[in-house]
Amino acid sequence: MNLSVNIAGVELKNPVMTASGTFGSGKEFEQYIDINRLGGVIVKGVANKEWLGNPSPRIAETYGGMLNAVGLQNPGMEVFIKEDIPFLRKFDTKIIVNVVGRTISDYCEVAERLQNEDVDLLELNISCPNVKEGGVAFGISPQMAEKITNEVKKYAKQPLIVKLSPNVTDIAEIARAVEAGGADAVSLINTLIGMKVDVHKRQPVIANKIAGLSGPAIKPVAVRMVYQVAKAIRIPIIGLGGIMTGEDAIEFLMVGASAIAVGTANLLNPRATMNILDEIETFMKTKKIRDIKEIIGIIE
Ligand SMILES: Cc1cc2nc3c(=O)[nH]c(=O)nc-3n(C[C@H](O)[C@H](O)[C@H](O)COP(=O)(O)O)c2cc1C
């Protein structure tokens, strides 16, 4: 059975990766899973400098999912390079660095600093608020999405994945814009913007008031968006959003994703990625699928 897939020239042993922000750099997961079995680890967002994140409470449960407004807390790229790359390199898996920033030059600085570091792919998180544009996320305007992709490409040595925000009217338009900007692949979806109110306290549950919705509740939206993007662009797609089981993962592959990432499921069960991988293998055996690529994009 062949599970290997290719993302922008990087060969993954299988299509199962971890979603940014839900797995750290894997240190907390080492005791539960065999990191060597993962196709890749997409680490939590890395900025040029330390970000403190948002005030608490920052997470809440919802029906079929969760809200988070962690605010991309991270110690900055120097700490990441010193501590997390050597940790992950102990394992036979690909390292994908999720890059965050508040201005285009912040993103470029991280890409430039990583040029000679041992990482396989970069993933640009364009859902961050752009301070210069008054807090509007880069990922919700096709012009800004294309521009930031184009600028970061000038500094990136590794192939560049651009992670798309679902909080737009026409996801295909954004995907085409980042493809035009030079993206080597796209990943989708990031969280959907949501809100929850504590009616007894008469205040929002999350200190930031609005937050990102993730988990199985968003999966049908994510599958629909991957389907639409697959019809619109030629570069590879990494699909994510609410994947809890092997069959969930296969849905994403069938609508056109070449690989998938598991997010919220890791927080519910640290062994989720291993179970999903086992379930994909069982599905392939049962359905007599010899090569995973046979099912990628089979939905017309
Ligand atoms: C607690 C938490 C932290 C996250 N941090 C990041 C991040 O740093 N960068 C990023 O691009 N996405 C981040 N995400 C979004 C996830 O990577 C993923 O796109 C989203 O949660 C949908 O997948 P899921 O439903 O499987 O969780 C975060 C999600 C959660 C729940």
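Reader: Let's start at the ligand: how many residues surround it, and which are the closest?

Author: A residue is near a molecule if its C-beta atom, placed from the backbone, lies within 6 Å of it. Here 24 residues surround the ligand, and the closest are Gly 21, Gly 45, Ser 214, Gly 263 and Thr 264. Before going on: this is a predicted model, where local features need pLDDT of at least 70 and side-chain atom pairs count only at pLDDT 80 or more, while totals for chains, interfaces and linings use all residues. Residues are numbered from 1 along each chain as its sequence is written.

Reader: And how does the shell around the ligand split by class?

Author: For classes, Ala, Val, Leu, Ile, Met, Phe, Trp, Tyr, Cys and Pro count as nonpolar, Asp, Glu, Lys and Arg as charged, and the others, Gly among them, as polar. The ligand's shell has 15 polar, 7 nonpolar and 2 charged residues.

Reader: Now the strands. Which of them close into a barrel, and in what order?

Author: Strands (E, at least two residues) and helices (H or I, at least four) are DSSP runs, numbered from the N terminus. Two strands pair if DSSP finds at least two bridges between them. In this model 8 strands close into a barrel with parallel pairing, in the order 3-4-7-8-11-12-17-18. From one strand to the next, the twist averages 25°.

Reader: What about the open sheet: which strands stand at its edges?

Author: The open sheet has 4 antiparallel strands in the order 5-6-16-13. Strand 5 and strand 13 are at the edges with a single partner strand each, so one side of each has no neighbour in the sheet. The twist here averages 40° from one strand to the next. Strand 13 pairs with strand 16 (residues 210-214) in the antiparallel sense over 4 bridges, with Gly 194 opposite Ala 211 in strand 16.

Reader: How should I read the packing of helix 3 and helix 4?

Author: Two packed helices are described by the angle and the distance between their axes. Axes are lines fitted to C-alpha atoms, for helices over the stretch in contact, and angles run from 0 to 180 degrees between N-to-C directions. The axes of helix 3 (residues 142-155) and helix 4 (residues 171-180) come within 7 Å and cross at roughly 30°. That makes helix 3 roughly parallel to helix 4 (angles under 35 degrees count as roughly parallel, over 145 as roughly antiparallel, 65 to 115 as roughly perpendicular and the rest as oblique). By class, their contact has 6 nonpolar, 1 polar and 2 charged residues.

Reader: At what angle do helix 4 and helix 5 cross?

Author: Roughly 45°, with the axes of helix 4 and helix 5 (residues 219-232) coming within 9 Å. Helix 4 and helix 5 are therefore oblique to each other.

Reader: Last one: which peptide bond is cis with omega near -5°?

Author: Most residues other than glycine have a negative phi, and most peptide bonds are trans. The bond from Ser 56 to Pro 57 is cis, with omega near -5°, and Pro 57 is in the loop between strand 4 and strand 5 (59-62). The bond from Leu 188 to Ile 189 is also cis, with omega near 15°. As for phi, Ala 8 has a positive value near 50°, in the loop between strand 1 (5-7) and strand 2 (10-12).
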